[in-house]
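I opened this entry to note what I looked up in the structure. The order below is the order of my reading.

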Amino acid sequence: MTEKTPKLRAALDGVPTYKPGKPAAADGPVAYKLSSNENPYPPLPGVLETAIEAAGSLNRYPDMACTGLMLELAERFGVPVTHIATGTGSVGVAQQLIQSTAGPGDEVIYAWRSFEAYPIITQVSGATPVPVPLTDGDVHDLDAMLAAITDRTRLIFVCNPNNPTGTVVRRAELESFLDRVPADILVVLDEAYIEFIRDENVPNGIDLYRDRPNVCVLRTFSKAYGLAGLRVGFAIAHEPVAAALRKTAVPFGVTQLAQDAAVASLRSEDALRERVDALVGERARVVGALTAQGWTLPESQANFVWLPLGERSQDFAAACERAGVVVRPFPEGVRVTIGETEANDLFVQTAEAFRKEL
């Protein structure tokens, strides 16, 4: 007799498992983790002290409405507080977006390869993922994404800069794209890495959202602000969308530590700029070294670089690990976070040795 087990949703059968960046080994030669796009700096000045103070109230539930953080964000970006919704990192808010717009029979369009959570959170909601290949230059193919729209399309993700390739969509093509997307389809501009952009032709999504009710901007405190361990992200969208996000949020999901640390981080803007500028400078140094070695790589506007190694990706990742750095291999290539100077140097040295073997 076959033992009966609880019935689970069939939609979960084909859902891929999210693969986090491999951690640095606790023992052995690996010393640096460049696999998760983490900020190598500690929390900004005053943030740790604020979090410690908030920890004194761990016996209490956090402010479910994230009132202080919402007000701070509204003032910072010049938007109504009713246009803001928070969640457990930008990926948490992204899942709320899909829950708010798409279900069985509906479709969600995104570029591929892009943020690997997109197909997961789409399928978990029972919706159908529609991945659209990147161009040969590893950039969003916006024309192909427009062509993929059907009467079942409910949401489109545009990851700008794109994770894991670091490439960007510039103002003219993005505005043209938004003008051609039907008004009843939500377009989500995922700007997790916007602080690292130095290309003046890349628009700020908040400027685009203001007069477009079907545009939502997704941001996070995990990258530039260095709060990856606290899980706090937010969306800026017009009131119907923002209200739906607040309905689908996990109650009390954003801890008081995270809320208070995020507010303190927003108030440490000068220090943030210094750190981001330093990382952008390291990015330029690393890219210059790789280019001098003969590598051809897409221009990155994020805090990582992308090596389109294809089937050699796993071999390169293994070589990096032997050298003392952990990187993130994908079937199409390898993503390497810009980290500490010493870690970047190890990566560049490994890349040079590996290229000589190609």
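I began with the nonpolar cores of this predicted model. The largest has 79 residues, and I listed Phe177, Phe221, Phe316 and Phe347 as the ones with the most contacts inside it. Helix α10 (residues 269–293) supplies the largest share of this core, seven residues. I also found another core lying apart from it, with 24 residues, including Ala117, Tyr118, Leu155 and Leu186.

I then took Phe347 and asked which residues it touches, not counting those up to four places away in sequence. The list is Leu34, Val286, Leu290, Val305, Leu307, Phe316, Cys320, Val325 and Val336.

Next I went to the sheet. I read an open sheet of seven strands in the order β2-β8-β7-β6-β5-β3-β4, and its pairing is mixed. β2 (84–87) and β4 are at the edges with a single partner strand each, so one side of each has no neighbour in the sheet. On average, neighbouring strands are turned by 25 degrees against each other, direction ignored.

Within the sheet I checked β3 (residues 107–112) against β5 (residues 153–159): they pair in the parallel sense over three bridges. Ile109 has Ile156 in β5 as its bridge partner. Helix α3 (residues 89–101) packs on the sheet and touches β2, β5, β6 (186–190), β7 (215–220) and β8 (233–236). Its direction makes about 155 degrees with that of β7.

Last, I looked up Ser125, in the loop between α4 (117–124) and β4 (128–133). Is Ser125 buried or exposed? Its relative accessible area is 14%, so I logged Ser125 as buried, the cut-off being under 20%. Leaving aside neighbours within four places in sequence, Ser125 is in contact with Arg9, Ile98, Gln99, Ala102, Gly103 and Pro104.

Note on methods: Residues numbered from 1 in each chain as written. Predicted model: local features only at pLDDT ≥ 70, side-chain atom pairs only at ≥ 80, totals over all residues. Heavy atoms only, no water. Helix = DSSP H or I, 4+ residues; strand = E, 2+ residues; numbered from the N terminus. Buried < 20%, exposed > 50% of the residue type's maximum accessible area, 1.4 Å probe, protein only. Contact = heavy atoms within 4.5 Å. Core = buried A, V, L, I, M, F, W, Y, C linked by side-chain atoms within 4.5 Å. Pairing = 2+ DSSP bridges. Axes fitted to C-alpha atoms, helices over the stretch in contact; angles between N-to-C directions.
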